[in-house]
Amino acid sequence: MKYLSTETLTIAAIFLGITAGVWLPDTMLSFKWMGDLFLMLLKMLIVPLVFASVFVAIVSLGSGEALKNLGLKALGYYLLTTALAVTTGLVVVGIVEPGAAHQMAASAAVTAPPEQSFSTLLLSFVPANIFQSLSEGKIVQVLVFVLFFAVAALQLESARRETLQEFFESVNDAMGKIAEWIIKLTPLGVFSLIGYVIAKEGLSTLWELKSYVLAVLLGLFVHALIVLPVVARILGRFNPLDYFKKVREAVLVAFSTASSAATLPVSIETAYERGGVKKESAGFILPLGATVNMDGTALYEAVAVMFIANSYGMELGFSQQIVIFLTATFASIGAAGIPGAGLVMMTMILSAVGLPLEAIGLIAAVDRVLDMFRTAINVWGDLLAAKVLNRFV
């Protein structure tokens, strides 16, 4: 007899949590500790996981020369499209304003951090003491440091660089294993969190998710059908529609499996055999993209955080939106390829702007369906990147 998958159990936990929240509100309020424990375990992973993942992604390019050539171009392209995805998400949120119409009762207890000037905001990104930044979980400062650290490591002699790389690859693998264990607790965590939210806020909160789902899907389709094809047309000088017809099988597999990693063999085969991408390009760019290029996920995280802020009546100013932009952009590199990466990224961004982590339980009700769409966009973005960067090989 096969064990039920975590996804199946999570879906069941969502319905059970909603039911228990409606019929047993007092019980679900007392079970909040399970959700808190789940969130604390996720938060425990954030700093070491992001540090090791980003370091390995950069150092695995092998040399400073490789970084300057295809690797640097690939990372630059990925950062560009991810930044455009986050920007698209923030623009869509500004238009749709999901969650603003019906604010939660807890909104009075949530206040935004004070606005900062541009110079103060810029200086806040640089860690004066990296150990303090690590201990306090200041993700943006950690990301800035690890970028410098990884690029510096590429300048070391091969033996020392390989020692560092092996160490952080081991750390990354170990953190990934812990993440696998924690994600197995997702059904319990989601059951507790969504049950608590329903017990406290009422069933009507689920209806409010319609604007959130609309904003996410609208943002994803705008990015996939307009933004990415325009970038590909300008930089790659090919017809994105014709290319999609050749590689659509990989996008469909990504949609059905909701897994970029599981889709990777199909992506490589279709890009090389049908899409006209050189074998060496497909073999390097697509695995790198599956690790560090998460356009759909980054857009989704930006929309989700803004939805939660609107639901709690929290006004996020320009500086907070810049923090969301940077955190979602860079965290999509750090958290990629890890089971439950969306949950880890979400806790990072919510913490960065001072929003309550238990709100994850609410959006988890529709997360599985949206995950299929955002994974398809992730893979489509990788396939376009392979075709664009194929010009420069």
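This is a predicted model: local features need pLDDT of at least 70, side-chain atom pairs count only at pLDDT 80 or more; totals for chains, interfaces and linings use all residues.
Proceed to helix α7, residues 139-153. From the first C-alpha to the last, this helix of 15 residues reaches 20 Å, close to the 21 Å expected at 1.5 Å a residue. Which residues of α7 are buried? Colour I139, V140, Q141, V142, L143, V146, A150 and A153 to display them. An α-helix has 3.6 residues a turn, so residues three or four places apart point the same way.

Next, display the largest nonpolar core, which has 84 residues. Within this core, Y212, Y243, I324, I363 and L383 touch the most other members. A second, separate core of 19 residues can be shown in another colour; I46, F51, I139 and F168 are among its members. In soluble globular proteins, nonpolar side chains tend to be buried together.

Return to the largest core and centre the view on I324. Leaving aside residues up to four places away in sequence, I324 touches L90, A302, V305, M306, L316, I349 and V353.

Now select T270, which is placed in helix α13, residues 260-273. Is T270 buried or exposed? Its relative accessibility is 2%, so T270 counts as buried. Beyond residues up to four places away in sequence, the contacts of T270 are K246, V247, E249, A250, G275 and L383. L383 was met above among the core residues that touch the most other members.

Rolling a probe the size of a water molecule over the atoms shows where empty space is left. The count comes to one cavity of 30 Å³ or more, and the volume of the largest cavity is about 40 Å³. To outline it, select S260, L264, S267, L286, A290, V379 and D382, which line the largest cavity. Helices α13, α14 (279-292) and α19 (367-389) each supply at least two residues of this lining. The largest share, three residues, comes from α13. Colouring the lining by class gives four nonpolar, two polar and one charged residues.

Methods. Residues are numbered from 1 along each chain as its sequence is written. Side-chain values use heavy atoms; hydrogens and water are left out. Helices (H or I, at least four residues) and strands (E, at least two) are DSSP runs, numbered from the N terminus. Buried means under 20% relative accessible area, exposed over 50%, partly exposed in between (1.4 Å probe, protein chains only). Contact means heavy atoms within 4.5 Å. A nonpolar core is a set of buried Ala, Val, Leu, Ile, Met, Phe, Trp, Tyr and Cys residues joined through side-chain atoms within 4.5 Å. On a 1 Å grid over the protein atoms alone, a cavity is a set of points where a 1.4 Å probe fits but cannot get out, and a pocket is an open set with protein on both sides within 12 Å along at least five of seven lines; lining residues have an atom within 4 Å of a point. Grid points are joined across faces, edges and corners, and a volume is the space filled by probe spheres set on the points. Ala, Val, Leu, Ile, Met, Phe, Trp, Tyr, Cys and Pro count as nonpolar, Asp, Glu, Lys and Arg as charged, and the others, Gly among them, as polar. The expected span of a helix is 1.5 Å times one less than its number of residues.
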